[in-house]
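Please look over the sequence and the structure shown here before reading on.

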Amino acid sequence: MSSLPTAGPLDAAVGKVFRRVVPLFVVMLICNQLNRSNIGYAQEHLEADVGIGAAAYGLGAGLFFIAYAIFELPSNMLMERYGPKIWLTRIMVSWGLVSAAMAFVQGPTSFYVLRFLLGAAEAGFFPAIIYFFSRWLPSSHRGRATALFVAGSSIAAAVSGPLSGPLLSLHGFLGAAGWQWLFGLEGLLSVVVGLIAYTRLDSRIADAKWLSGPEQNALVAAIEQEDEARRFTAASGSVSRWRLLVQPQILVFCVIYFAIQLSIYANTFWLPNIIRRIEGTNDITVGLLSSLPWICAVVAMYFTGRASDKLGRSKPLLIGALVVAAAGTYLAAVVSPVLALVFLCVAAMGFKSASPLFWTIPQGSVHPLALASAVAIINSLGNLGGFVAPYGFGLIKEATGEVTWGLYALAAACLVAAVLVLFLRRDRVVAPPVTLRETVGEKS
């Protein structure tokens, strides 16, 4: 086992990672969320211009997550092979190009194809970031880093409304529709940020010229110590990476994350539609009002992330966040449109805080050999909630004219997830007494 890292160089190295890498990841996630969710603001315009109705819109929004689930694990395995620097750049540039191509949608079929391709292009992005944190930061700092990173999605949701309104208002400029400007410009922004990321990222701590030698050594030593503590220590037996991935706890992780994603993406894709029930709203005011729940979520995520790192445990906070999400969502379904917005702000504080709190648990309990693949599996299967939510809400709205029953379902899903968290083993899992065989085949 490595000697204890010196506090000075370790603190300095962690501080540099937070200043150089975490803000970049936040910007990347903002671009990611803008490109996957901007169809929520373009929905009515797509229906009017190219005939994409509520059910077709919901299906297209959801197909993104089908592709994401299919390509997530292969993408993450390729990331391990080529390194985060190259692979994250590839992901950003490809999703930016596909998103920009949404400006040329001609009808439901091309809409479905491009949404599927967007999911394939983005697959692997989120777990690659989570894996990066596990290789570059000690566990005592990952909760705050993950919370800051995931806050990028709320920041994106907060700015996407005020940004989408003016872009949609460009309708007719240079002969293009407003929704075409929306997709084209936001897609090209991702391409630019992806190219910048290539110049700022390093795949390994040893490659980071912006860290001094002592800082590199201290950071590597701290992470190796934590890895060693989770490794199997007995002298006999062997377990492959794939056996580690079929444990029941992985399935529980998937179900909990599925419920969280249901709430996040139901609101991402349908919040503008819900707000349009308020009398007197237009594209600009809907965009501004849509930012309120996400602004509240950013504040809540910051404080829950700090509380998680301070307590050293995420389970109690995660349960509380899910209960808050359930209560806010249920109340939003039974009150007036104006009060519904207020309670959706409360719900967003819950379900958005739940996401970073959730990820600190598998980071600290899954064996390092299986961590990247486990994160990919949890994220891909959990993200199927991103298919069920928009498609289900689309069917409900087309059948009833409202999304009220969808909100009831979201509240129930959050309560079920809160109960399941109780069945998770403690945040830090003691490994069973066997020794891992880390062969070339198992690492591929």
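## A buried alanine

Ala348 counts as buried because its relative accessibility is 1%, where buried means under 20% relative accessible area, exposed over 50% and partly exposed in between, with a 1.4 Å probe and protein chains only. The model is a predicted one, in which local features need pLDDT of at least 70 and side-chain atom pairs count only at pLDDT 80 or more, while totals for chains, interfaces and linings use all residues. Residues are numbered from 1 along each chain as its sequence is written, and side-chain values use heavy atoms, with hydrogens and water left out.

Ala348 belongs to helix α15, residues 337–365. Leaving aside residues up to four places away in sequence, Ala348 touches Pro293, Ala297 and Ser353; a contact means heavy atoms within 4.5 Å. Asn267 stands 81 residues from Ala348 along the chain, yet their C-alpha atoms are separated by 8.4 Å.

## The chain as a whole

The secondary structure consists of 19 helices and 0 strands. Helices (H or I, at least four residues) and strands (E, at least two) are DSSP runs, numbered from the N terminus. Of the 444 residues in the chain, 57% are buried. Among contacts with a separation of 6 or more, 85% join residues 24 or more positions apart.

The accessible surface of the chain is about 17,000 Å², and carbon and sulfur atoms hold 68% of that area. Such areas come from the Shrake-Rupley method with a 1.4 Å probe; for residues, only the protein chains shown count as cover.

## Helix α4

Helix α4 covers residues 54–82, 29 residues in total, and spans 40 Å from its first C-alpha to its last, close to the expected 42 Å. The expected span is 1.5 Å times one less than the number of residues. At Phe71, shortly before Pro74, α4 has a kink of about 45 degrees; the bend at a residue is the angle between axes fitted to the seven residues ending there and the seven starting there. Gly83, with a positive phi near 95 degrees, follows α4.

Asn76 also lies in α4, and it counts as buried because its relative accessibility is 1%. Asn76 and Phe125 are 49 residues apart in sequence, with 8.1 Å between their C-alpha atoms.

## Pocket and cavities

On a 1 Å grid over the protein atoms alone, a cavity is a set of points where a 1.4 Å probe fits but cannot get out, and a pocket is an open set with protein on both sides within 12 Å along at least five of seven lines; lining residues have an atom within 4 Å of a point. Grid points are joined across faces, edges and corners, and a volume is the space filled by probe spheres set on the points.

The largest pocket has a volume of about 430 Å³. Its lining has 18 residues, with Tyr131, Arg135, Ser203, Arg204 and Ile205 nearest the centre. Helices α4, α7 and α10 each give two or more residues to this lining, and α10 gives the most, with 5.

The structure holds 3 cavities of 30 Å³ or more, and the largest cavity contains about 160 Å³ of space. It is lined by 17 residues, of which Gln33, Phe126, Tyr257, Gln261 and Tyr265 are the closest to its centre.

## An exposed leucine

Leu174 is found in the loop between α8 and α9. Although it is not a glycine, Leu174 has a positive phi of about 55 degrees. Leu174 counts as exposed because its relative accessibility is 68%.
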